[in-house]
Amino acid sequence: MKNDDKLYMAFSGSGVGPNYSVGLLELSASDNPLNPNAWIKYNYPVMHSLSQPGEYGPGHNMFVQDKHGDWFNVYHACGIQGGHRHASMKPVHFRFDGSPILDMRNEEDLSPDIKSVTLDVVVD
């Protein structure tokens, strides 16, 4: 996924099960992606079993972009009761430094009730 002048690559790790998680690599878009030293590996998982209530072991994700240019993270996880993995899709938001936020919970996202805001400016 490309955002501003950075490329991001997600990967799954920590074994299949409750500890399954997603890590992230970052590369400056001007660097050579074939140079292993050009990549920066985040030192923490960006998705894990505590990321979303009711899900554990998220992994095997991919990024997709809609026709408006908005990014989404598609991934699979198990429900808290166990069983088979299911697919989920969440919008990707970005931090001030341009890095993606993949573990934002629904209650942290913008409420649909306030998606439209108006402002009146009065100049004296």
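These legends describe close-up views of one predicted model.

Local features need pLDDT of at least 70, side-chain atom pairs count only at pLDDT 80 or more, and totals for chains, interfaces and linings use all residues. Residues are numbered from 1 along each chain as its sequence is written, and side-chain values use heavy atoms, without hydrogens and water.

**View 1. The largest nonpolar core has 13 residues.** Such a core joins buried Ala, Val, Leu, Ile, Met, Phe, Trp, Tyr and Cys residues through side-chain atoms within 4.5 Å. Buried means under 20% relative accessible area, exposed over 50%, and partly exposed in between (1.4 Å probe, protein chains only). Met1, Val46, Phe63, Val92 and Leu102 touch the most other members. Strands S3 (21-28) and S6 (71-79) each supply at least two core residues. S6 gives the most, with three. Strands are DSSP runs of E, at least two residues, numbered from the N terminus.

**View 2. Phe63 and its contacts.** Contact means heavy atoms within 4.5 Å. Leaving out residues up to four places away in sequence, Phe63 touches Met1, Tyr8, Ala10, Trp71, Phe72, Asn73, Val92 and Leu102.

**View 3. Strand S5 (residues 55-65) pairs with S6.** Two strands pair if DSSP finds at least two bridges between them. Here the pairing is antiparallel, over seven bridges. Trp71 in S6 is the bridge partner of Gln65. Five residues lie between the strands of this hairpin, where Gly69 takes a positive phi near 90°. In S6, seven of nine residues are buried.

**View 4. Leu119 is exposed.** Leu119 is found in the segment after strand S9 (100-101). Leu119 counts as exposed because its relative accessibility is 71%.

Technical notes:
Helix = DSSP H or I, 4+ residues; strand = E, 2+ residues; numbered from the N terminus.
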